[in-house]
Amino acid sequence: MALRARCNRIGTGKYFEIQFSRGGEPDGGKISNFLLEKSRVVSQNEGERNFHIYYQILEGVSEEERENLGVTSPDYYYYLNQSATYKVDGVNDKLEFTETMNAMAVIGLSLEDQSSVLQIVAGILHLGNIAFREQGNYAVVESEDFLAFPAYLLGIEQGWLKEKLTSRTMDSKWGGRSETIDVTLNVEQANFTRDALSKALYTRLFDYLVD
């Protein structure tokens with residue numbers, strides 16, 4: 001229980017399996033990643049919070065970092081406001097943010113790398129606020145203003161992000177010839193693509209931190 005609660009800061013942990021010889025001496029083992037609930041990256045059940053790291057950043061960063069990351073209260077973010085649960089009894093998000101940053105320093109992350117971690121997590125929160133509407137049976141970004149911050153934080157072009165969220169490229173073969181086709185997505189597909197991108201980013205970040 002203690003391990004899980006502690007690991008829930010980023011949503012997962014490590015499983016250590018140690019193998020012993022007949023004489024009781026350790027002679028092998030393996031380490032596996034576990035407990036990463038990818039669905040929780042973008043949603044949560046009623047009465048539950050999302051991963052602790054989101055709330056730690058919102059509570060713990062300095063005023064300068066708040067401005068740089070564009071973060072505000074948790075009810076602003078779609079990925080956090082679906083359950084309307086933002087606090088947990090006995091959990092001090094500001095204090096745990098300090099502990100999380102100290103832990104990253106202990107494992108050898110430079111200040112630049114720590115800043116990149118914060119940018120990616122904040123970028124995921126901002127991605128979730130990109131909404132779509134139907135226009136001629138196709139999805140268009142409801143407000144392009146919401147593209148700016150995630151694009152900035154993730155280091156990508158705003159136009160590229162918009163394109164990748166609302167269309168996909170398909171390779172087609174006809175009579176021995178190959179052709180690349182851009183397919184425009186509908187609203188449901190665009191929402192799925194946005195959430196898939198957020199989950200992939202979080203998973204890659206987690207793998208980077210625990211490997």
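**Close-up views of a predicted protein model**

View 1. With 16% relative accessibility, S167 counts as buried, because buried means under 20% relative accessible area, exposed means over 50%, and partly exposed is in between (1.4 Å probe, protein chains only). S167 belongs to strand β5, residues 167-174. Here helices (H or I, at least four residues) and strands (E, at least two) are DSSP runs, numbered from the N terminus. A polar atom of the S167 side chain lies 2.7 Å from the backbone oxygen of E163. Which residues does S167 contact, leaving aside its neighbours within four places in sequence? They are V183, T184 and L185, where contact means heavy atoms within 4.5 Å.

A word on the model: this is a predicted model, in which local features need pLDDT of at least 70 and side-chain atom pairs count only at pLDDT 80 or more, while totals for chains, interfaces and linings use all residues. Residues are numbered from 1 along each chain as its sequence is written, and side-chain values use heavy atoms, with hydrogens and water left out.

**View 2. M170, W174 and I181 form a nonpolar patch on the surface.** Together, these three residues have about 320 Å² of accessible area, a value from the Shrake-Rupley method with a 1.4 Å probe, where for residues only the protein chains shown count as cover. Patches are made of residues with over 30% relative accessible area and no salt bridge; like charges are joined within 9 Å, and nonpolar side chains (Val, Leu, Ile, Met, Phe, Trp, Tyr) within 5 Å. A salt bridge is a side-chain nitrogen of Lys or Arg within 4 Å of a carboxyl oxygen of Asp or Glu. Look for I181 in strand β6, residues 177-184; its 33% relative accessibility makes I181 partly exposed.

**View 3. Strands β3 and β4 make an antiparallel hairpin.** Residues 132-135 (β3) and 138-141 (β4) pair over four bridges; two strands pair if DSSP finds at least two bridges between them. Q135 has Y138 in β4 as its bridge partner. Two residues sit between the strands, and G136 takes a positive phi near 60 degrees.

**View 4. Helix α2 is largely enclosed by the rest of the structure.** How many of the nine residues of α2 (residues 52-60) are buried? Eight are, among them H52, Y54 and G60.

**View 5. The whole protein, for orientation.** Nine helices and six strands make up the list of elements, and 36% of the 211 residues count as buried.

Definitions and conventions: Polar contact = N/O pair within 3.5 Å; in protein donor to acceptor, adjacent residues only side chain to side chain.
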